[in-house]
Amino acid sequence: MKIALLGAAGFVGRAAAAELARRPEVEELILVDYMIRDAKKMAKRLSPKCRYAMADAGKPSEFTRLLEGVSAVANAVGPCREYEETILTACASMKINTASIGDNRTPPEDHRKIHDAFRQAGAVAVSGCGMMPGWTDLLAAHFLGNSKSAHDDTAANPPHYLFFSPDRFGGYAFMREFARQIESEIAAPREAPPGRYYRLDANTIFGVPEKKAGGLIFGIANTMGKLGTVGKEFSAAMMLWTRGLMTAPPGTPVAVCYVTDGKNTARLEDTSGNLAGILLAEATVRLGSLPLQEKGLVSLHTLISLYSAHAIASKAGAVIKTSSVATKPFMP
């Protein structure tokens, strides 16, 4: 199997690259990134099966030239609101199955465009292979019975949150989206790790640890965010530059994602910070090796079964927990 990994030098890309390089079925791995020096260092460090190449994800002609003979593509380029539709439609034009990190819900118009492009090409794509969406969707589908695709126009979007430790989780694209979407500070949801929590929309919350992390992120987001779009862009860079100071209290998990249907909950605790990249790698390998009847943009849970979700989490030292909850509202 020959795999091309776009955005290989990013936070999720590095974890996906390490996982793909370890997989015996992957005979050749092309690490593609605009930061060619970082991609080169990774290739030399990981495995002799790795090659590296430079490409601008915003220019399809630069990376499609690298896809000849590729079994599947893993897209870890972010922010996805800017690049995903361009990358996926370009991969569809090459008739190559593609898995994407999908750090945001695909807008309905892009969903239809991507789905039609892959269906007409006779190929398969899956988006939302990270933490949220990604693991939150697997939890909702397999543990709460919400089997609709997260990228279906009619799909329910159950209340969910992502708690993360900034000193150990997330890259620039992630911080940028966090800074752009943050709305207001709220009380901590039930069963959530101690910390400070911020609403992004009616069903989405982000949380960070208490003390240094919470104080710094809250201060940066509120101070820089008041300066508009430019201020939010700069605040993302500030969060990344100061992440070394955002140490979490001992015992704080790297990341936790949680979903609820109002009666039951499902929670994944990531102890390594690599689960998003591992999930992207697993989805890509499956797209490169399994014959799939369905074509177009498919649901992640059709590719990753309940058993597989448990196996992937266990392999990474993560824990999945489910429970019943009281009728107390999820969103304070």
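**Exercise 1. Strands and their sheet**

Task: Find how many bridges join strand S1 (residues 2-6) to strand S2 (residues 28-32), and how the two strands run. Then place both in their sheet.

Solution. 
- Step 1. S1 and S2 are joined by five bridges and run parallel. The model is a predicted one.
- Step 2. Take one residue pair. Ile3 has Leu29 of S2 as its bridge partner.
- Step 3. Widen the view. The open sheet has seven strands, in the order S3-S2-S1-S4-S5-S6-S13. Their pairing is parallel.
- Step 4. Look at the edges. Strand S3 (50-53) and strand S13 (296-297) each pair on one side only.
- Step 5. Check how enclosed S2 is. Four of its five residues are buried, so S2 is largely enclosed by the rest of the structure.

**Exercise 2. Helix H12 and its surroundings**

Task: Identify the buried residues of helix H12 (residues 306-315) and the elements they pack against.

Solution. 
- Step 1. Ser308, Ala309, Ile312 and Ala313 are the buried residues of H12.
- Step 2. Down the helix axis, these residues fall within an arc of 130°, so they line one face of H12.
- Step 3. The face turned away from them carries exposed Tyr307, Ser314 and Lys315.
- Step 4. On the buried side, the packing partners are helix H6 (135-143), strand S12 (264-270), helix H10 (275-289) and strand S14 (319-324).
- Step 5. Gly317 follows, with a positive phi near 75°.

**Exercise 3. A loop residue**

Task: Decide whether Leu144 is buried or exposed, and name its contacts beyond four places in sequence.

Solution. 
- Step 1. Locate Leu144 in the loop between H6 and S7.
- Step 2. Its relative accessibility is 16%, so Leu144 counts as buried. The cut-off is under 20%.
- Step 3. Beyond its neighbours within four places in sequence, Leu144 contacts Leu139, Val259, Thr260, Asp261, Asn264, Thr265 and Ala266.
- Step 4. Leu144 and Thr322 are 178 residues apart along the chain, yet 8.9 Å separates their C-alpha atoms.

**Exercise 4. The largest pocket**

Task: Describe the volume of the largest pocket and the make-up of its lining.

Solution. 
- Step 1. The volume of the largest pocket is about 1200 Å³.
- Step 2. Its lining has 49 residues, and Ala76, Val77, Gly78, Pro79 and Ala173 are the closest to the centre.
- Step 3. Elements giving two or more residues to this lining are helix H1 (11-22), strand S7 (160-164), helix H7 (172-181), strand S9 (196-201) and strand S10 (204-208).
- Step 4. H7 gives the largest share, seven residues.
- Step 5. Sort the lining by type: 28 residues are nonpolar, 13 polar and eight charged.

How values were computed:
Residues are numbered from 1 along each chain as its sequence is written. This is a predicted model: local features need pLDDT of at least 70, side-chain atom pairs count only at pLDDT 80 or more; totals for chains, interfaces and linings use all residues. Side-chain values use heavy atoms; hydrogens and water are left out. On a 1 Å grid over the protein atoms alone, a cavity is a set of points where a 1.4 Å probe fits but cannot get out, and a pocket is an open set with protein on both sides within 12 Å along at least five of seven lines; lining residues have an atom within 4 Å of a point. Grid points are joined across faces, edges and corners, and a volume is the space filled by probe spheres set on the points. Ala, Val, Leu, Ile, Met, Phe, Trp, Tyr, Cys and Pro count as nonpolar, Asp, Glu, Lys and Arg as charged, and the others, Gly among them, as polar. Two strands pair if DSSP finds at least two bridges between them. Buried means under 20% relative accessible area, exposed over 50%, partly exposed in between (1.4 Å probe, protein chains only). The arc is that of the directions from the helix axis to the C-beta atoms. Contact means heavy atoms within 4.5 Å.
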